[in-house]
Amino acid sequence: MNRLLGLVLLAGRRLAGGLLLLVGASFLIYFTIRSAPGDAIDAITPMGTPPEVKEKLAADFGLDQPPLAGYVTWLGRSATGDFGESLVFAPGEQVMTIARPAFKLTLLVSGGALLLCLFLATALAVVLGEPSPRQQLLTGALYFVTAAPAFVAAIFFSQGMNAFVRRFVEDAGYDTPPWYPIPIYSESVMPYFFAGIVLVAGDGLFMDMLNTVRAEILAVRNAQFIAAIRAKGASTLPHTFRNLVVPFVSAFAARLPVVLGGVVIVEYVFTLDGAGYLLLEASKQRDFPVVVGLSVLFTLAIIVMNLLADVVRAAVDPREVARNG
Amino acid sequence: MGRFSRIGLWLSGAIVLVVVLLGVVAPFIPYEPADAVSYDRVLEVPSVSHVLGTDEQGRDIAMRLVKGTEAFFLPGLMAAGIAVLVGALAGAVAGYATGPVRAVIVGALQLLDTLPRLVFIILVCTIRNPSVTLIAFVAGVLFIPTVAAVIRRKVEALGSEDYILAHIAHGFHSVWVILYHILWLQCWPIMVRQAAYVFGYVLFVETGLSYLGDYGVQEPDPSWGNMVAQVRSLPPDAPWPWLVPAAAIVLTISGFLAFGNLAARRGEEAIR
């Protein structure tokens with residue numbers, strides 16, 4: 001009972017902290033908008049926007065008020081999920097309506113990629129075991145290969161895949177898959193899968209994950225309580241697993257921002273309908289409400305992920321509650 | 001430090017040295033992108049006169065590769081400087097100070113840390129006139145919390161060490177102890193590692209945005225990113241115009257990251 005209370009208190013405090021962070025981050029985003037050179041409204045709308053649209057936009061974003069009052073207006077609207085209407089990308093459409101499905105896809109791809117990365121890193125860490133000088137050739141080579149930015153990895157991957165399909169499918173007289181040649185738009189799920197692979201292989205994510213996971217596994221495996229459990233003849237696996245949940249959840253949450261950055265350009269390379277593609281297209285067309293709405297959503301995703309990670313950690317490990325309570 | 005690490009340090013050091021030399025020399029090489037175009041030598045394979053071949057417009061790839069370092073070299077140094085200097089100071093204060101000063105700095109750092117970097121950079125590019133300098137400045141600021149976090153941990157660990165307490169007991173000013181004894185003498189390996197990391201990030205963002213084509217470096221000015229972008233229109237049997245800059249990006253980023261890591265490890269061993 002006491003433990004549950006502690007958990008609830010911790011969750012409540014984390015939630016309050018997360019809200020505070022969100023308010024602060026939205027403040028930074030809003031003042032980045034306000035700092036636009038010259039007349040903010042001219043700087044953020046495409047050329048030739050009709051004056052009545054500009055007026056509505058200025059009212060939506062509180063640009064016709066002094067900065068602080070404008071911020072409160074904008075925050076109040078945004079808090080209800082109302083980020084205004086798209087200007088160019090899908091004129092007249094609510095930002096949330098176009099952003100929601102795109103954002104779901106992006107979270108699915110990034111989350112899937114992170115899980116895959118965690119799984120592969122754990123598998124490799126278990127196989128490698130204790131570090132030895134002989135492994136350094138392997139880890140050195142892996143280090144080098146996975147340091148490529150995700151978008152370069154995506155280009156290598158798509159070119160390699162295209163060459164492969166051309167050589168072994170097209171030239172052999174079979175039907176080519178719908179996603180071939182790669183930067184083509186298709187309904188197929190394969191490009192999403194490819195994007196996941198590329199995200200794991202790029203941005204140094206895998207080696208970073210491997211190093212963390214490996215250190216944690218070794219630390220638990222060499223801990224004294226594991227030796228004691230083994231001496232008593234019990235299975236060490238459940239205890240090892242439970243002690244690894246906390247560092248694994250931390251490793252997962254801490255890398256979400258990296259993946260959410262990588263996914264933006266990768267989606268563009270594979271022409272996926274995700275939030276990153278939407279963000280870049282909207283930014284290119286100067287569709288300002290969409291860009292701001294998505295920026296807030298990306299920030300929100302990171303804050304929520306950290307919040308969830310904190311609560312999961314506290315639920316699994318009572319020491320977390322004691323430490324923070 | 002093992003044999004492989006030492007070899008890695010030399011190899012990555014060589015890459016860093018080459019990139020730095022190119023970055024320093026490139027601005028002094030005269031190059032007019034428009035004059036380099038020549039449609040009678042399009043997509044030539046590497047030869048003696050064009051060491052790395054020519055691209056779709058008959059421009060020498062090696063020359064564009066060298067000139068392309070200009071796009072990220074100084075911005076990368078600037079971002080690394082901002083992130084490491086401000087981050088180290090903020091981290092030291094957060095690790096040493098108490099009360100409201102600490103609370104404010106920790107809060108500000110946490111706030112900066114929640115912003116998704118690339119998304120925020122794109123937001124800034126949408127609003128302001130996008131230049132690589134602006135992108136690098138924003139990247140540098142967004143990396144302050146990352147640097148501050150590691151420095152803070154180090155300062156907190158060292159703050160209770162006997163010799164640091166002894167310095168303060170001897171009447172050294174605590175600002176001097178932080179700046180010299182902790183940051184300068186103990187934290188330089190951390191700063192080297194972080195600086196290399198931030199530099200690599202700027203290279204990634206610059207080439208990534210130049211690849212996309214709307215922000216970053218615009219054709220006909222060379223950037224490794226917009227050189228890679230030729231992949232969209234190249235015939236499959238002539239991959240070198242994108243393969244060469246793509247390889248350069250991978251080599252440079254992994255070289256800088258590895259050098260930062262290995263040099264820092266060596267430094268940490270030397271301090272201990």
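Colleague: How many residues of chain B are in contact with how many of chain A?

Modeller: This is a predicted model, in which local features need pLDDT of at least 70 and side-chain atom pairs count only at pLDDT 80 or more, while totals for chains, interfaces and linings use all residues. Residues are numbered from 1 along each chain as its sequence is written, chains are lettered from A and ligands numbered from 1 in the order in which they are written, and side-chain values use heavy atoms, with hydrogens and water left out. Taking contact as heavy atoms within 4.5 Å, the count is 39 residues of chain B against 45 residues of chain A.

Colleague: What area do chain B and chain A bury between them, and what percentage of it is on carbon and sulfur atoms?

Modeller: The size of an interface is often given as the accessible area lost when the parts come together. Here buried area is the accessible area (1.4 Å probe) that two parts lose on being put together, summed over both. For chain B and chain A that comes to about 3,900 Å², and the part on carbon and sulfur atoms is 78%.

Colleague: Which element gives the largest share of the side of chain B that touches chain A?

Modeller: With helices (H or I, at least four residues) and strands (E, at least two) taken as DSSP runs numbered from the N terminus, the elements that give two or more residues to this side are α1 (3-25), α4 (99-114), α5 (117-127), α10 (188-212) and α12 (240-271) of chain B. The largest share is 12 residues, and it comes from α12(B).

Colleague: How do the residues on that side of chain B divide into nonpolar, polar and charged?

Modeller: Ala, Val, Leu, Ile, Met, Phe, Trp, Tyr, Cys and Pro count as nonpolar, Asp, Glu, Lys and Arg as charged, and the others, Gly among them, as polar. On the side of chain B that touches chain A, the division is 29 nonpolar, eight polar and two charged.

Colleague: How many helices are there in chain A, and how many in chain B?

Modeller: Neither chain has a strand. The C-alpha atoms of chain A fill a box of roughly 80 × 70 × 30 Å along the principal axes, and those of chain B one of roughly 75 × 50 × 30 Å. Chain A has 14 helices, and chain B has 12.

Colleague: Why does B:T69 count as buried?

Modeller: B:T69 is found in helix α3 (residues 61-96) of chain B. Not counting residues up to four places away in sequence, B:T69 touches B:L22, B:G23, B:A26 and B:W224. B:T69 counts as buried because its relative accessibility is 0%.

Colleague: Which side chain of opposite charge is nearest to A:D287?

Modeller: A:D287 lies in the loop between α12 (275-284) and α13 (288-316) of chain A, and its side chain reaches the backbone nitrogen of A:V88 at 3.1 Å, inside the limit for a polar contact, a pair of N or O atoms within 3.5 Å, where within protein one must be able to donate a hydrogen and the other to accept it, and residues adjacent in sequence count only if both atoms are side-chain atoms. Lys and Arg count as positive and Asp and Glu as negative, while His and the chain ends are not counted. A:D287 is buried yet has no salt bridge, and the nearest side chain of opposite charge, 10 Å away, is A:R286.

Colleague: What is the phi of A:R286?

Modeller: A:R286 lies in the loop between α12 and α13 of chain A, and is partly exposed, with a relative accessible area of 25%. Although A:R286 is not a glycine, its phi is positive, at about 55 degrees.

Colleague: Which residues does a cis peptide bond join in chain B?

Modeller: The loop between α10 and α11 (224-228) of chain B is the place of B:P220. Omega is about 5 degrees for the cis peptide bond, and the residues joined are B:E219 and B:P220.

How values were computed
Buried means under 20% relative accessible area, exposed over 50%, partly exposed in between (1.4 Å probe, protein chains only). A salt bridge is a side-chain nitrogen of Lys or Arg within 4 Å of a carboxyl oxygen of Asp or Glu.
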